[in-house]
Structure formats: C-alpha cells, structure tokens
Amino acid sequence: MFDPIVFDNLKVVVEGEIYDLDLSGQVSVTNREDFVDLAQFTRTYRISFQQHFCCTASLTLSTDLDNIHAELTPSRVEKPGCTVYIHFQLKKQKPFEEAEFKDIQEMCEGIWGTTRVVKQRVTHEVGESEYENNIEVTFNRFIYEDQVGDLIEMIDYMLQTTDQLKVLYDKS
C-alpha cells in the first residue's frame, strides 16, 4: 500500500462528487481519464459529464514533479498542490454569432468571477454541420488539500454553467 499524495486525495473527492451526481441522475459521466506521464513525470485526471445534451463539462486536475517532490520531501517548505482546469464544450448545428460569445463570456464571469481567465475557441470541420465552442476556465493559483471545499464548489459552478449554456443554446 502506498501513501496517497495530495493529487490522489483531491482526485478521489472530485470523482466521488461527480459519480454521486451520476448515481442521482443529475448528470451522466461520459468519460474519465487518469494519466501518468513518465517522460515529464506529471499526473493528470480528467472527468467529463453531461447535464444537458448540448454541452459536456470536464474538470481536469493535474500535478507535476515539483509538487510531488514537495510533498514527499519533508525538508521542503513548499506546499504541494494541484492545478485545476474547467472545460465546457457547447455544440450547435449552425455557426456561433458574435453576440453569443459575449453572452457566454459574461455568463461565465458572472458565475466564476472576473478574476478567472475564460477563453473560448470555436472549431468546425469543413464539410460538417456541427460547430463547437470550447470554453475553458482557468485559475491563477494552485488548489491545496485544505481547499477541498473549493473543488466541491467548482462542481456546483459547473452545474450552474451547464444550465446557463443550455438556456443560451435554447435561445439560438
């Protein structure tokens, strides 16, 4: 048996919260990935779910060698943590309009706060009718083990965001 690191503990909390939502029928988990990159010695966990057919939400948790080393070396004073990225993928059968980008940006800033970085990237495969707006919410800080409540709150914000993306989808 091994002693779990901060990454493992936070991952278990995220996974448990989202699978509880899946079991209750609020969301449907669509994908789960758990990577160990031995070349750069990083760990990444990503779980994706759908609350509405038009939108997929994903939470990515990652850590690197520096944070793992900080935890496993008692003499280091750095506090080990993880980075969190939130993604939403909104799909439509017609191109997005400029006003929709503005509405999505304002909605995300209203839910996540104006100190978060919100990026939108639209993709469209030539010859296909589907358009995807990939929305990313990033945080300019680490999440530490004593901030596990923040992760649970982020999941609630993800649900609010997918609800609002569905409202915007229905308007278009």
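This is a predicted model: local features need pLDDT of at least 70, side-chain atom pairs count only at pLDDT 80 or more; totals for chains, interfaces and linings use all residues.

Visitor: What span should helix α4 have, and what do its end atoms give?
Guide: Helix α4 runs over residues 148-171, and at 1.5 Å a residue its 24 residues should span 34 Å, which agrees with the 35 Å between its end C-alpha atoms.

Visitor: Which residues of α4 are buried?
Guide: Among them are Leu151, Met154, Ile155, Met158 and Leu159, and the list also includes Lys166.

Visitor: And what do the buried residues of α4 pack against?
Guide: They pack against the helices α1 (6-23) and α3 (98-112), and also against β2 (42-52), β3 (55-63), β4 (83-92) and β6 (131-138).

Visitor: Back to Lys166, what does Lys166 form a salt bridge with?
Guide: Its partner is Asp170, with the closest N and O atoms 2.8 Å apart, and both residues lie in helix α4, 4 residues apart, which is about one turn of the helix. Lys166 counts as buried because its relative accessible area is 19%, under the 20% cut-off.

Visitor: New topic: how many salt bridges does the count come to?
Guide: The count comes to 10 salt bridges, and one of them joins the side chains of Lys79 and Asp146 at 3.0 Å, N to O. Lys79 lies in the loop between α2 (65-72) and β4, and Asp146 in the loop between β6 and α4, so this pair ties together parts that are 67 residues apart in sequence.

Visitor: Is Asp146 buried or exposed?
Guide: Asp146 counts as exposed, at 59% relative accessibility, whereas Lys79, at 45%, counts as partly exposed.

Notes
Residues are numbered from 1 along each chain as its sequence is written. Side-chain values use heavy atoms; hydrogens and water are left out. Helices (H or I, at least four residues) and strands (E, at least two) are DSSP runs, numbered from the N terminus. The expected span of a helix is 1.5 Å times one less than its number of residues. Buried means under 20% relative accessible area, exposed over 50%, partly exposed in between (1.4 Å probe, protein chains only). Contact means heavy atoms within 4.5 Å. A salt bridge is a side-chain nitrogen of Lys or Arg within 4 Å of a carboxyl oxygen of Asp or Glu.
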